Amino acid sequence: MLSKSRSLARRRSCRALAFLIFVVIGCAAGPAAGQVFLASEPHPEFAIGPLFIVGIVGPGLGPVTVSISWSTVTSPTGAPDAAKQDLYLFWPAEVAAATAPGQADPALARALESRGFTALSDGRLTLRKRDRAKLGTAADSDPVPAVASYATFFKRGTNPAQSGTGTFVKIPWTPEFADPLVLANLTMPLKDVITPRPATWMEELFWGRRWVLTLSSGSVGSLALYSMYFEHRDRVVRLAPDVSLLLANFSDADHLRIEEISPATATRRGSRTRAGSEIVSLTLAPNEGVVPQVLKVHFHYFSGRIAWRPILVSAGLLLLGNLAGVFMFSQQFGGILRRRLHVGSARAEKATRRTGVVLAPDTLAAIRPGESTYADVVALCGPPEEETEELGASPRRSLVYRGRRAVPERRLNLGWVATVNGWNAEEHEVVITLDGDRVRDVQSRIRRTHTTAAG
């Protein structure tokens, strides 16, 4: 007997340690939503089975309505009325709103406060039953007189966004649940079951914002909430070897795109009871303790008959690529075009090219030998390109100005285009001789050449 007790204790310690490791890893991977059933008495002699957890998702992407349906299975060696007790449901997510009027059982909030938690909100939830005739149909479940109470809480002294928020639900036993062919049903709207999928800005530009739906069974969600499970681990109700499912029900399937489903054992099919719906399901494996089983669906909704965003973004990128190609080609072709064509007749008329200093006839006429001084020449013509000085009894200096001007020739005006077939080049050289500080002589030379336009 002592050996058997030690073996049982070792197994429980191993399960608790394995669960703690999973929680730590789960916290690093992201938020998850799941459930743990607790009995009123320790070491329950019954199990939950079957169990159906259904998350209903729509294009609005608000709080997800989660429907939980279950029955109880009594152990062959246990008391026949072992399941006739209140159940408690631990869910590591926040209930968005109550579904039944009235005040919640105040004992829930007091129990949480005494264990180092802070209660955020509380309320009541509607309980229903569903007999076997309605299974697999879209018919509503039948309400029962009893209602469930819940309290939402987080670990005191921590940030709820980091440590996680949980909900504790008290489900009173009612005679309507005694029928083995009836499933109890609890429906509640939950926050943070859908979270944004991490993506780069390019992925969001191409596909838009994508989302991840997470449903699980047997998970407490975060390490900060693990103490609630740890205190009541001897009251955890195991999952019976029965058909149990996690299901994600997506409405408006015509505008739905599911990108990834995990684990690989999950299946996807159209709903047999709701038109235009898509269902992703995962069969839950039975277990003796708390073993998290997670269903994740990566998805997004689009508007219109087809997903236009990838098409429009691809077309925009293709257009930008073509425009860039045209721009690069125009830079190379523009040099050739500018040598052959001058847009506008006025532009062709002003296409004279100048280099150096070309002195106009009026400027040369303003220089008067015997009167103009060196300062007058520099003021009219600017600094010379070349200056020579002869030393002697009578100092003599020469100022040289050189410049080149090219004038277009044989222009044929065709409306907005003027064709240039060649250029007349004129090389100007002006030599101004000074005796002392006075101008003695001005000489101007012009040499003309002709060049043909390239291309």
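Biologist: Let's begin with Phe37; which residues does Phe37 touch, not counting those up to four places away in sequence?

Modeller: Leaving out residues up to four places away in sequence, Phe37 touches Ile48, Leu51, Ile68, Trp70, Leu87, Tyr88, Leu89, Ile171, Arg235, Val236 and Val237, where contact means heavy atoms within 4.5 Å. Please keep in mind that this is a predicted model, in which local features need pLDDT of at least 70 and side-chain atom pairs count only at pLDDT 80 or more, while totals for chains, interfaces and linings use all residues. Residues are numbered from 1 along each chain as its sequence is written, and side-chain values use heavy atoms, with hydrogens and water left out.

Biologist: And how many residues are in the largest nonpolar core?

Modeller: The largest nonpolar core has 50 residues, and Phe37, Ile68, Trp70, Ile171, Leu213, Phe250 and Phe299 are those with the most contacts inside it. Such a core is a set of buried Ala, Val, Leu, Ile, Met, Phe, Trp, Tyr and Cys residues joined through side-chain atoms within 4.5 Å, and buried means under 20% relative accessible area, with exposed over 50% and partly exposed in between (1.4 Å probe, protein chains only). Strand β2 gives this core its largest share, five residues. Another core, of 14 residues, lies apart from it and includes Phe90, Ala151, Phe168 and Met228.

Biologist: Why is β2 described as largely enclosed?

Modeller: Strand β2 covers residues 46-57, and nine of its twelve residues are buried, so the rest of the structure largely encloses it. Strands here are DSSP runs of E with at least two residues, and helices are runs of H or I with at least four, all numbered from the N terminus.

Biologist: Which strands does β2 pair with?

Modeller: Strand β2 is joined to strand β3 (residues 64-74) by nine bridges in an antiparallel arrangement, and to strand β11 (residues 245-250) by six bridges in a parallel one; two strands pair if DSSP finds at least two bridges between them. On the β3 side, Ile48 stands opposite Thr72, whereas in β11 the bridge partner of Val54 is Leu247. The hairpin of β2 and β3 has six residues between the strands, and Leu61 takes a positive phi near 55° there.

Biologist: Changing topic, is Ser149 buried or exposed?

Modeller: Ser149, which is found in strand β6 (residues 142-155), counts as buried because its relative accessibility is 9%. A polar atom of its side chain lies 3.1 Å from the backbone nitrogen of Asp105. Beyond its neighbours within four places in sequence, Ser149 is in contact with several residues, including Ala104, Leu108, Gly123, Arg124 and Phe168.

Biologist: How many aromatic pairs does the count come to?

Modeller: The count comes to six aromatic pairs, where rings of Phe, Tyr and Trp (its six-membered ring) pair if their centres lie within 6.5 Å, and planes under 30 degrees apart count as stacked, over 60 as edge-to-face and the rest as tilted. In one of them, the ring centres of Phe90 and Phe153 are 6.1 Å apart and the planes are at 45°, so that pair is tilted. Phe90 lies in strand β4 (residues 87-91) and Phe153 in strand β6, so the pair ties together parts 63 residues apart in sequence. Both Phe90 and Phe153 are buried.

Biologist: Which aromatic cluster are they in?

Modeller: Phe90, Phe117 and Phe153 form one aromatic cluster.

How values were computed:
A polar contact is a pair of N or O atoms within 3.5 Å; within protein, one must be able to donate a hydrogen and the other to accept it, and residues adjacent in sequence count only if both atoms are side-chain atoms.
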